[in-house]
Amino acid sequence: MEITLRSYQEEVVQAALKGENSIIWLPTGGGKTRAAVYVAKKHLETTRNAKVAVLVNKVHLVDQHFNNEFNPYLGKAYRVKAISGDSSDKDLFGRLVKDSDLIICTAQILENALNSSEEEKHVELTDFSLLIIDECHHTQKESVYNKIMGRYVEKKVRKERKLPQVLGLTASPGTGGNKTLAKAVEHVLQICANLDSVIVSTKNYASKLKEVVPRPRKQYDIVEKRALDPFGDHLKLMMSLIHEFMPSTVSRSLREVGTQDYEADVVELEKTGVKEENRLITQCALHLRQYNDALLIHDTVRMVDAFNVLDEFYNSRSNKLLDGTDFFLQGLFDENRVELKQLALDARYENPKLAQLQRTLLKEFKENKMSRGIIFSKTRRGTHCLYDWVNANHELQKVKISAGILTGTGTGVNHMNQNKQKNTIKDFRLGHLNLLISTSVAEEGLDIAECNLVVRYGLLTNEIAQQQASGRARALNSVYSVVAEKGGRELRREFTNEYLESLTSNAIDQVQSMSPREFRIKITELQQMAVLIRIEAERKKDARKQRYSPDQVHLQCRGCFVFVGLGEDIRKIENSHHVNINPEFQRHYRTGKQVFLEKTFEDWEPGQVINCRKCGKDWGMEIKFKKVAILPCLNIKSFSLDTPGGKFTHKQWKDVEFQVTEFDFIDYMSSRFPDLDLDD
């Protein structure tokens with residue numbers, strides 16, 4: 001199939017066609033991926049032993065790019081292969097790269113292969129002649145893209161040869177949160193340095209680009225704050241009673257309830273309680289976070305949604321009460337439950353944002369029976385609450401609104417699996433659904449049908465997300481609505497993002513106006529600095545891993561502080577799963593429901609969830625390794641680590657300060673079954 005480019009696309013691919021590293025900056029809907037397919041085709045035609053890797057940052061984009069772009073245009077002439085974490089082919093990645101001309105994969109798959117010592121899986125960057133990096137503005141800090149490009153830059157600084165050409169794609173590199181032009185320029189230069197690329201955009205055909213990607217009409221749908229809020233006031237009263245239950249010095253340090261600042265405070269408070277083994281503080285902090293979540297939900301969707309969050313939380317804990325703190329907290333909710341529910345059902349005090357959202361939707365869907373819309377909401381739970389509201393709203397049903405939910409993949413309660421994602425997008429494209437209620441997953445990269453209405457509802461995001469969301473409103477005469485409270489945080493952030501969008505454009509102009517020599521000197525300086533920082537960070541990381549001997553580290557349940565094992569009992573599988581191999585550990589937990597995962601794994605399968613026998617805290621799950629060894633696989637967030645240097649909590653196993661040994665299956669089986677002779 002022949003690839004035809006628009007004039008502005010032809011302009012932005014020129015640097016890449018000359019073999020130069022470049023970042024293509026075009027808005028959402030401008031055809032960045034098609035331009036990349038064209039570059040890949042020319043590269044494969046003109047480069048000896050060419051091999052192309054297309055890297056994406058989300059699993060669903062692998063199949064999308066394969067089915068919609070690369071395979072239709074290149075599949076007949078070249079060996080094109082799609083590989084993701086959900087694909088069994090990833091375990092033969094090295095061999096597949098040898099047998100393909102172009103592969104499309106998640107960046108994590110390539111990173112794993114670069115780290116792997118197994119011949120079937122391992123690859124080198126120099127095995128490729130072209131790297132295409134989708135949504136390349138993520139190539140910064142600790143992202144997987146930046147780990148891959150960090151290797152690239154280090155090889156370049158060391159003057160190693162045969163490095164692949166790089167082509168980045170982005171709708172906006174952003175300003176990195178900076179609000180001055182000088183700092184925004186620094187950020188853009190850093191992205192260019194990380195990708196070893198110049199940044200290109202259309203200069204001669206900007207008017208044509210505007211025709212192809214029209215800007216939607218932006219409207220601010222502003223609502224007044226609730227005049228009366230008895231439900232919210234009652235929640236705050238209950239929180240004040242918990243504050244009084246805690247030491248006064250603790251509660252005085254907390255900021256305003258119902259804010260992200262307050263959430264950050266109680267998260268830190270819980271960690272302090274764990275370090276001090278003060279269960280009163282840890283439990284109060286956990287419960288206050290639930291009440292604060294309820295206030296945030298109450299501010300965004302219905303009162304009954306906020307009530308249900310608390311009701312579910314307390315129902316799940318009613319049979320796990322350990323001490324006076326638990327009985328006080330459970331009793332407080334139980335005593336107020338009936339009154340809270342009555343207040344939540346009083347329509348006089350319902351969220352005014354929902355009434356405004358209803359007016360915005362009705363206007364578009366009444367005037368245009370073929371309307372398509374997306375509502376962007378902050379959280380997965382928020383999308384489910386809005387979905388329930390749409391389906392229960394008689395006025396919206398009258399105009400034939402048929403809604404679907406679109407969230408990120410995962411295994412949690414409100415996650416979607418990949419098939420559900422695909423089916424939802426397909427139903428929207430075919431018109432079976434005409435309204436998507438989505439988290440940020442639909443902002444970036446997804447090939448979604450043209451919309452004439454995009455609503456940002458109760459969102460606090462950066463200028464990149466705002467531009468990408470706006471780019472979803474691609475139909476002619478489309479509307480981009482911001483539903484927000486007068487004088488609220490969302491409105492202030494939206495105005496800030498408008499300024500940052502224009503600042504990004506000015507920063508890119510300034511970078512593009514630098515002389516090639518000036519640009520190269522600056523990029524080289526940033527790259528040399530990045531390599532030195534990376535080497536030092538690796539040295540510190542290695543030193544941190546050796547800080548304590550594994551037998552000095554005591555694992556305690558984060559819920560009740562009971563001692564459950566030592567660091568020397570922990571082993572890692574595939575560098576990601578951490579299991580306890582001490583048979584004594586079993587007496588500390590109970591098993592629950594069977595875990596079901598959509599994808600399958602080479603050496604293991606999920607078993608049952610595991611909980612602390614004393615307090616019921618969720619610890620993780622059992623896994624069955626090679627169909628015979630049943631091992632408890634632990635979530636580090638459920639434990640505290642007591643070390644000679646103090647007590648610590650961690651979000652990820654990679655942050656622990658002792659060396660975790662790789663799991664040895666033969667050694668493990670020999671220790672469990674000493675009569676087996678496995679050496680023969």
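Tutor: Buried means under 20% relative accessible area, exposed over 50%, and partly exposed in between, with a 1.4 Å probe and protein chains only. This is a predicted model, in which local features need pLDDT of at least 70 and side-chain atom pairs count only at pLDDT 80 or more, while totals for chains, interfaces and linings use all residues. Residues are numbered from 1 along each chain as its sequence is written, and side-chain values use heavy atoms, with hydrogens and water left out.

Student: Is phenylalanine 585 buried or exposed?

Tutor: The cut-off for buried is under 20% relative accessible area. Phenylalanine 585 has 2% relative accessibility, so it counts as buried.

Student: How many residues does the largest nonpolar core have?

Tutor: A nonpolar core is a set of buried Ala, Val, Leu, Ile, Met, Phe, Trp, Tyr and Cys residues joined through side-chain atoms within 4.5 Å. Among those with the most contacts inside the largest one are Phe231, Tyr291 and Leu386. The number of residues in this core is 56.

Student: Which helix gives the most to this core?

Tutor: Helices (H or I, at least four residues) and strands (E, at least two) are DSSP runs, numbered from the N terminus. The helix that gives the most spans residues 279-300 and supplies 8 residues, and it is helix α13.

Student: From which domains does this core draw at least three residues each?

Tutor: Domain bounds come from an automatic or database domain assignment. The bounds here are 216-223 + 351-509 and 230-349, belonging respectively to domain 2 and domain 3.

Student: How many aromatic pairs are there?

Tutor: Rings of Phe, Tyr and Trp (its six-membered ring) pair if their centres lie within 6.5 Å; planes under 30 degrees apart count as stacked, over 60 as edge-to-face and the rest as tilted. By this rule the count is 13.

Student: Why is the pair of tyrosine 314 and phenylalanine 333 stacked?

Tutor: Tyrosine 314 is in helix α14 and phenylalanine 333 in helix α15, 19 residues apart. Their ring centres are 4.5 Å apart and their planes are at 10 degrees, so the pair is stacked.

Student: Over which ring does the charged end of arginine 372 sit?

Tutor: A charge sits over a ring if NZ of Lys or CZ of Arg is within 6 Å of the ring centre and within 35 degrees of the ring normal. The charged end of arginine 372 is 5.6 Å from the centre of the ring of phenylalanine 428.
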